[in-house]
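Subject: Structure for your review

Dear colleague,

Please find below the structure that I am handing over to you. My notes on what was found in it come after the display.

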Amino acid sequence: MTMLPRFKLMAATLAVAALATACGGSDGGPALAGDTSGDVVARYIGTWESDCYSDSGASAKLRADFTKTSPTSFTGNVIAYGYLGTSCSGPVVKDKKVLTNMSMNHDGTKDIAGVTADKFSGASDQGNGKVLLYAAGDVLQIGDPDAAKDGEGYPEAFLDSKYTVKRK
């Protein structure tokens with residue numbers, strides 16, 4: 001089964017973005033229960049999963065797992081899972097390691113779309129990158145890698161809401 005180009009892009013963006021979270025000033029949602037540190041990275045730590053994405057008789061979803069390494073950084077992996085049919089059910093017929101051994105660091109904040117998002121940069125086995133993240137409760141918005149970039153190379157818009165991921 002072939003992953004759709006847009007899904008591949010979303011998965012890669014999520015992986016780079018999610019692993020790039022750290023300390024800063026995002027006004028996003030609460031940290032995970034049990035993490036009372038107040039570190040900005042706390043709100044991104046844990047497991048995130050996309051809704052089922054279907055097209056041309058196949059479907060896929062993305063899973064990201066992030067672990068805090070300091071008040072300003074985290075590590076993790078992002079994996080895309082492919083299924084036969086359009087409902088992301090049944091056995092996984094393909095899994096793709098989108099981003100592995102990610103290591104992300106907080107670079108500050110940026111006002112975008114009426115919120116203050118966190119800027120991150122980092123590296124994975126698949127390469128280096130910059131991303132915007134904004135967590136509101138159990139929903140994570142990701143900067144659109146296809147959008148225009150600011151002078152520092154960060155996106156000027158978020159991905160369409162159908163590409164957001166939710167806390168698992």
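The notes below take up the overall fold, the aromatic pairs and the salt bridges in turn.

This is a predicted model, in which local features need pLDDT of at least 70 and side-chain atom pairs count only at pLDDT 80 or more, whereas totals for chains, interfaces and linings use all residues. Residues are numbered from 1 along each chain as its sequence is written, and side-chain values use heavy atoms, with hydrogens and water left out.

Overall fold

Along the sequence the pattern is α-β-β-β-β-β-β-β-β-β. Of the 168 residues in the protein chain, 49% are buried, where buried means under 20% relative accessible area, exposed over 50%, and partly exposed in between (1.4 Å probe, protein chains only). Among contacts in the protein chain with a separation of 6 or more, 55% are between residues 24 or more positions apart; a contact means heavy atoms within 4.5 Å. The accessible surface of the protein chain is about 7,400 Å², and 49% of that surface belongs to carbon and sulfur atoms. Accessible areas come from the Shrake-Rupley method with a 1.4 Å probe, and for residues only the protein chains shown count as cover.

Aromatic pairs

There are three aromatic pairs in the structure. Rings of Phe, Tyr and Trp (its six-membered ring) pair if their centres lie within 6.5 Å; planes under 30 degrees apart count as stacked, over 60 as edge-to-face and the rest as tilted. Phe66 and Phe74 make an edge-to-face pair, at 5.0 Å centre to centre and with 65° between the planes. Phe66 is buried at a relative accessible area of 3%, and Phe74 is buried at 0%. Phe74 also pairs with Phe120: the ring centres are 6.4 Å apart and the planes stand at 75°, so this pair is edge-to-face. Because Phe74 lies in strand S4 (residues 73–84) and Phe120 in strand S6 (residues 115–124), the pair ties together parts that are 46 residues apart in sequence. Phe120, like Phe74, is buried. Ring pairs join Tyr44, Phe66, Phe74 and Phe120 into a cluster.

Salt bridges

A salt bridge is a side-chain nitrogen of Lys or Arg within 4 Å of a carboxyl oxygen of Asp or Glu, and by this rule there are nine salt bridges. One of them joins Lys61 to Glu49, with the closest N and O atoms 3.5 Å apart. This pair links distant parts of the chain, with Lys61 in strand S3 (residues 58–70) and Glu49 in strand S1 (residues 46–50), twelve residues apart. Glu49 is buried, at a relative accessible area of 17%.

Lys110 and Glu156 also meet through their side chains in a salt bridge (3.3 Å, N to O). Lys110 is in strand S5 (residues 94–112), while Glu156 is in the loop between strand S8 (139–142) and strand S9 (165–167), 46 residues apart. Lys110 counts as buried at 11% relative accessibility, whereas Glu156 is partly exposed at 40%. Salt bridges that share partners join Lys110, Asp150 and Glu156 into one network.

A further salt bridge connects the side chains of Asp138 and Arg167 (3.5 Å, N to O). Asp138 lies in the loop between strand S7 (127–136) and S8 and Arg167 in strand S9, so the pair ties together parts that are 29 residues apart in sequence. Asp138 is partly exposed at 47% relative accessibility, and Arg167 is buried at 18%.

With kind regards

Conventions:
Helix = DSSP H or I, 4+ residues; strand = E, 2+ residues; numbered from the N terminus.
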